[in-house]
Amino acid sequence: MAEKRRRLSRDDWVAAALAALGEGGVGAVAIEPLAARLGATKGSAYWHFANRDELLAAALQRWEHEETDAVIALVSAEPDPAVGLRTLLGAALAHPQEKLAVLLAGATDPLVEPVLTRVTVRRIEYLADLFIRLGFAAPVAKHRAALAYSAYLGTGQLWRTMRGTLPADQEAWESYVDEIWRVLTAPSPTAYESAPDGAESPRDSG
């Protein structure tokens with residue numbers, strides 16, 4: 001007797017869609033190939049989702065929660081902004097080929113673009129707030145935030161296309177992330193022009 005198929009949950013389909021998105025872009029999120037991948041029928045997908053766009057939207061929602069909401073909550077629990085920034089870098093740069101799935105999947109897609117824009121703005125604003133808490137003036141904090149996000153994007157792209165240029169072992173990887181942190185928090189001539197009263201300077205935090 002053939003083994004009875006396990007009934008797939010909504011989460012099963014969302015996870016598969018998110019994986020496909022990272023591997024093949026927006027076009028890879030389609031009911032029929034995902035059903036084949038999961039060993040399921042198309043009817044299983046339509047039990048949970050009205051159509052393919054609803055499945056893609058659910059995958060994007062999970063990506064936003066896991067890669068932005070959860071990370072910000074983790075970092076916000078740390079009272080020291082210097083430690084928080086290092087924690088954020090470590091979390092963001094861990095397995096960057098997976099975390100960049102949506103960013104590299106197709107920013108012009110009508111379903112992806114608004115999510116990507118919202119997430120990018122939120123992330124950079126949160127980074128800027130961390131730099132302000134470190135004692136940098138607001139204009140400098142915005143620059144450092146953009147630089148930090150550029151390091152994230154660049155590392156992810158190298159991981160996907162030229163992995164050999166990045167550190168291979170864990171110790172070297174941690175040293176790489178530490179160096180990014182040191183560059184980002186290095187004092188600048190304008191770093192203290194608008195520091196909040198009582199804010200710890202980057203020089204003091206290291």
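Reader: Which residues are linked with Arg86 in a network of salt bridges?

Author: This is a predicted model, and in it a network of salt bridges includes Arg86. One of its contacts is a salt bridge between the side chains of Arg86 and Glu174, at 2.7 Å from N to O. The residues linked with Arg86 in the network are Glu174 and Asp178.

Reader: How many residues apart in sequence are the parts that the pair of Glu174 and Arg86 ties together?

Author: Glu174 counts as partly exposed at 33% relative accessibility, whereas Arg86 counts as buried at 18%, a value under the 20% cut-off. Because Glu174 lies in helix α9 (residues 170-185) and Arg86 in helix α5 (residues 81-93), the pair ties together parts whose separation in sequence is 88 residues.

Reader: What is the relative accessible area of Glu23, which forms a salt bridge with Arg37?

Author: In this salt bridge the closest N and O atoms of Glu23 and Arg37 are 3.0 Å apart. The pair links distant parts of the chain, Glu23 being in helix α1 (residues 10-24) and Arg37 in helix α2 (residues 31-38), 14 residues apart. Arg37 is partly exposed at 43%, whereas Glu23 is exposed, with a relative accessible area of 59%.

Reader: How far apart are the end C-alpha atoms of helix α4, and at which residue does α4 bend?

Author: Helix α4 (residues 52-76) has 25 residues, which at 1.5 Å a residue should span 36 Å; its end C-alpha atoms are 35 Å apart, and therefore the two values agree. At the start of α4, a side-chain oxygen of Asn51 reaches to within 3.2 Å of the backbone nitrogen of Asp53. The buried residues of α4 include Trp63, Glu64 and Glu67. The helix bends by about 30 degrees, and the residue at the bend is His65.

Reader: Why is the pair of Phe131 and Phe136 edge-to-face?

Author: The count of aromatic pairs comes to four. In the pair of Phe131 and Phe136, the ring centres are 5.9 Å apart, within the 6.5 Å limit for pairing. Phe131 is buried at a relative accessible area of 0%, and Phe136 is likewise buried at 0%. The pair is edge-to-face because planes over 60 degrees apart count as such, and the angle between these planes is 75 degrees.

Reader: How do the planes of Tyr149 and Tyr152 lie, and what is the pair called?

Author: Tyr149 and Tyr152 both lie in helix α8 (residues 138-161), three residues apart, about one turn of the helix, and both are buried. Their ring centres are 5.3 Å apart and their planes are at 50 degrees, so the pair is tilted.

Reader: Which residues form one aromatic cluster?

Author: The cluster brings together three aromatic residues. They are Trp159, Trp173 and Tyr176.

Key. Residues numbered from 1 in each chain as written. Predicted model: local features only at pLDDT ≥ 70, side-chain atom pairs only at ≥ 80, totals over all residues. Heavy atoms only, no water. Phe/Tyr/Trp six-rings, centres within 6.5 Å; stacked < 30°, edge-to-face > 60°. Buried < 20%, exposed > 50% of the residue type's maximum accessible area, 1.4 Å probe, protein only. Helix = DSSP H or I, 4+ residues; strand = E, 2+ residues; numbered from the N terminus. Expected span 1.5 Å × (residues − 1). Bend = angle between axes of the 7 residues up to and from the residue. Polar contact = N/O pair within 3.5 Å; in protein donor to acceptor, adjacent residues only side chain to side chain. Salt bridge = Lys/Arg side-chain N within 4 Å of Asp/Glu carboxyl O.
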